[in-house]
Amino acid sequence: VGPHVPSTSKLKAFKLLSTSNAYWKGDARNQPMQRVYGTAFLSQKELDARLTQLEEAKKRDHRKLGKELGLFMFHQWAPGATFWLDKGTTLYNTLANYMREVLFPVGYVEVKTPIIFNKSLWETSGHWSHYRENMFLVKSSDDEDMALKAMNCPGHMLVFGSQTRSYKDMPLRLHEQTPLHRNEASGVLSGLTRVRQFAQDDAHCFVMESQIASEVEQLLRLVQRVYGDFGLEYSVKLSTRPEKFLGAVETWDHAETSLRQALEAANQAYTVNEGDGAFYGPKLDFDVTDAIGRKWQCATIQLDYQLPSRFGLKYIGADNAEHMPVVIHRAIFGSFERFIGILVEHFAGAFPLWLAPVQATVLPIADRHLDFALRVRKELSEAGLRVDLDDRQEKIGYKIREAQLQKIPYMLVVGDREAAEGTVSVRTRTGGDQGAATIAAFIESARAEVASRRSTVVGAGQAGASA
């Protein structure tokens, strides 16, 4: 519904993008029509910038790069579920372990809860009445109504309520990475960014009322640190009470005020997204901006008074009386699937060394150099680097080109001189020949680069050159 511009006379630059066949009202029995896609801008400069962005987006498409780099695949027999190939699994596990390294030192514990629950759990949580159409429903052999879990929070409520808790246990931070399932319509499935099976870097922080501000502040700093490690910029939205919600208006007002206070205490700029909160509480949503300016919703921090009440959760306070905890739902990556899709496009598949599924490949010039190449690979692997060996009977130029197409950060060429001197000739995927180095020196340098988590973003020009 328009109008989208004050006057069409102000639109000076037009571009026809594509056409397709269509039927009136989407019904094949109706009159065939021609659908025309186009775009218009106030100036040619703005149009050119948009067309460049669209072209760059095609080059960076994670579905295209995921196939070319051997990261993942899909199959019609498992729509919306990702098959992670060996390199993709390495990338996935690297991110999962990275998140554990970030969370465990600040007091998180990891749990694993069941993937399928009786409908009684979902009735208690409110999901059966508010979210059932988005869940996969199944029947047990005893004809019980069950559902695959679409989120971890109800299971974490059961974990918290499984034993007596004290104020000394708070905040209690439960982290989980098990698979989730949501029954998305087939028409909206799109690569890794919209799937039916996924996992999150999910956590639920059980806090006392007095701890809300400090916990949210800590979470804001955590998001800043994580996105900084990937070179991602972001903006924050405060999403408030939706039309359909649980609980009292007064409780919602208090929760929203608590989030505003935490944002202001952390000096975090934000905008307000009216009516877009979860049905159980207000939330903070984080939109990350990738290398070509597109925005993606990833991290979220959600304040919840409703689930602790519905599950009857209590802790013993310093006054020796029972009190209800407040739950903070939070994810930083969001889903691993969407985050990996974003990273593939953000880096144009050219991951920084610490993330790259294959960090170095050893390229023997001839068959007589294979024994030394095997020694190099062994030493690098023992040092903890992910290393490959190209032992095909191909010319060295071909091997280098193949490694560049696979966007491998380092190529280690070995020939007669290297075998005699115990060195490798180091090449980078963008910088070319870096000269000779001893095996030990290369290992030391690579490990230092991995430890620094240096993230070099591939810009439009680089992506085009290396595509």
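Author: Let's start with a term: on a 1 Å grid over the protein atoms alone, a cavity is a set of points where a 1.4 Å probe fits but cannot get out, and lining residues have an atom within 4 Å of a point. A volume is the space filled by probe spheres set on the points, which are joined across faces, edges and corners. This is a predicted model, where local features need pLDDT of at least 70 and side-chain atom pairs pLDDT 80 or more, while totals for chains, interfaces and linings use all residues. Residues are numbered from 1 along each chain, and side-chain values use heavy atoms, without hydrogens and water.

Reader: How much space lies in the largest cavity?

Author: About 110 Å³. Lining this cavity are 13 residues, and those closest to its centre include Lys 87 and Gln 406.

Reader: What is the volume of the second largest cavity, and which residues line it?

Author: Its volume is about 40 Å³. Among the lining residues are Thr 251, Trp 252 and Tyr 280.

Reader: What makes E19 and E21 a pair?

Author: Two strands pair if DSSP finds at least two bridges between them. E19 and E21 have 5 bridges, in the parallel sense, so they meet that definition. Thr 361 stands opposite Met 411 here.

Terms used:
1 Å grid on protein atoms, 1.4 Å probe; cavity = no way out; pocket = protein on both sides within 12 Å on 5 of 7 lines; lining within 4 Å. Helix = DSSP H or I, 4+ residues; strand = E, 2+ residues; numbered from the N terminus.
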